[in-house]
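Dear colleague,

I am handing over the structure below, together with a summary of what was found in it. Please read the notes with the model open beside you.

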Amino acid sequence: RGYKGDGGRRRPRSSRPGRRGTGTAHRAAGCLSSSMALYSFLLLPLWLSTAAGKGAPGCRIRVTAKGLELVKQEGLRFVEQELENMTLGDLHGKEGQFHYNISNVRVTHLQMNDSDLSFQPRQHLAFDISNASISLRFRRQILYWFFYDIGSINTSAEGVHIHTALELSKDEGGRLKISNVSCNASIGRMRAGFSGTLRKVYEFLATFITSGMRFLLNQQICPVLNHAALVLLNSVLATVPVRNSADEYIGIDYSLLRDPSITSDTMDLDFKGSFYPLEDENQTLPNLAPEPLFKETERMVYVALSEYFFESALFAYYHAGVLSMELAGEQVPKDIDVLLRASFFGSIMLMNPAVVDAPLMLQLQVKAPPTCVIKPSSTTVSVSATLEIFLVPPNEPLVQLSSMTMDARLNAKVALRKKALQVQLDLRRFRISSNQSALESLALIPLQGPLKTLLQLAVMPLINEKIKKGVQVPLPEGMDFTKEVVTNHMGYLTIGADLHFSKGLREVIEKYQAASSPKPNPQAA
């Protein structure tokens, strides 16, 4: 049937007005939407790896209330030392015919029996001293009419209350620091003891003297504690390693990822915990491991290490080029030498007689960075390596006897000694296969046991010797771990320990002050 205005002919569907442009636009929009979805899907792994690298710690340390109690005891000794050494200015005044001058003020005794150090969410530590007493001794010079007197006076500040809040944060270099201090100090009462011929006069004017001494103390207590925290204690925190070498091949990055997380009972510190080859510090492994979690609070401190912590070390060693080994001549155990020559007897006999008795050389090369898997039952490291066997005739090219792939699984025993994290490796599973033919793989089966013995006796001791030094856990100088217990979880392990002060805060501070002070120039003398 025809249509009006078209001469009775039906237009094809594709040629109908208004339909062709609309269909093309729909198809273009669909293609664009599909392309964007595909593009987003391809970028998702990259985005996830970037987010994980910034957010997931390789090492996390938790300090509990029990650990804070030990820190409080050492901190109280440090505060007492600082207050005992504080310098008070001179005081002079006039009241009618009474003229007085107070000088050489020094602290003779401190009593601070009631103190507390506690966590304050979200970034603070609160240090409180209550009902303390401070004994002072100073030189007096007094003129009253025509009487002039010189001597010493003992006074005491009682009911002293000090509240100090320390704000902890991450600095630009990723180091923990005390970024701010708030301090309030008050003195309940001042007492002064007088003796001598002018005792009545002193007692009459004691209010002026003790009020002046209270003013001096109130002016000095908080500045002394502010300096102790912002300068002296930060110099102790500066001893925590952030980015330094673990050995001659690799380094470790312990920079903080974020400010410390503080609750009423714990403080958590998230460290990057990433290793890198010293020759290329920018070559690091992305962190895709699960975030370590703490469930216990019974010990003073807990250290959590994820699979990434160990895998990044293996990655760094691999790219540093140290996961290779060569045994030649007398380094090859005699029984292994005999066994290898017997296994390749046919190939050797077909060679030039001049090379038949040449020494053997074994070249072991790891093919890819080893991987680490942490389970509640074990910590294992999987390694795939190539073993090449050569004859080494003198003054002639090497003659290859075989090339094989070795797949090994090692058990890793993790321990913490003081501040050193140590790993002991033990070969558990071992399998070899030929890189040349399946038939040779069958012929290599008798070698599997002896080569495993070779690795256990000759290779593993060398590896353990290289790594026995361990790597330092981020802890200030003067503090060590004791009574360590390692617990495995799925994807990470935790180490619960107590803390021990091997050095006092004052000792560490004085050590680094002496090291940083300029040395005298002998030429100038």
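A pocket, as the word is used here, is an open set of grid points with protein on both sides within 12 Å along at least five of seven lines. The model is a predicted one, and in it the second largest pocket has a volume of about 170 Å³. Strand 18 gives the most to the lining of this second largest pocket, with 4 residues, and the lining as a whole divides into 4 nonpolar, 3 polar and 3 charged residues, among them Lys-413, Arg-417, Gln-422 and Asn-464.

The largest pocket has a volume of about 940 Å³, and of the 41 residues that line it, Leu-314, Leu-323, Leu-425, Ile-463 and Ile-467 are the closest to its centre. Its lining comprises 34 nonpolar, 3 polar and 4 charged residues, and helix 9 supplies the largest share, 6 residues. Helix 5 and strand 14 (324-328) are among the elements that each supply at least two residues of that lining.

Turning to the sheet, 6 strands form an open, antiparallel arrangement in the order 10-11-1-13-22-21, with strand 10 (261-262) and strand 21 (479-488) at the edges, each pairing on one side only. Within the sheet, strand 1 (residues 59-64) is joined to the antiparallel strand 13 (residues 301-306) by 5 bridges, and Cys-59 stands opposite Leu-305 in strand 13. Helix 2 (residues 65-84) packs on the sheet, touching strand 1 and strand 22 (492-501), and its direction makes about 70° with that of strand 1. Helix 5 (residues 307-319) also packs on the sheet, touching strand 1, strand 13 and strand 22, and its direction makes about 55° with that of strand 13.

Best regards

Terms used:
Residues numbered from 1 in each chain as written. Predicted model: local features only at pLDDT ≥ 70, side-chain atom pairs only at ≥ 80, totals over all residues. Heavy atoms only, no water. Pairing = 2+ DSSP bridges. Contact = heavy atoms within 4.5 Å. Axes fitted to C-alpha atoms, helices over the stretch in contact; angles between N-to-C directions. 1 Å grid on protein atoms, 1.4 Å probe; cavity = no way out; pocket = protein on both sides within 12 Å on 5 of 7 lines; lining within 4 Å. Points joined across faces, edges and corners; volume = space filled by probe spheres on them. Nonpolar A, V, L, I, M, F, W, Y, C, P; charged D, E, K, R; others polar.
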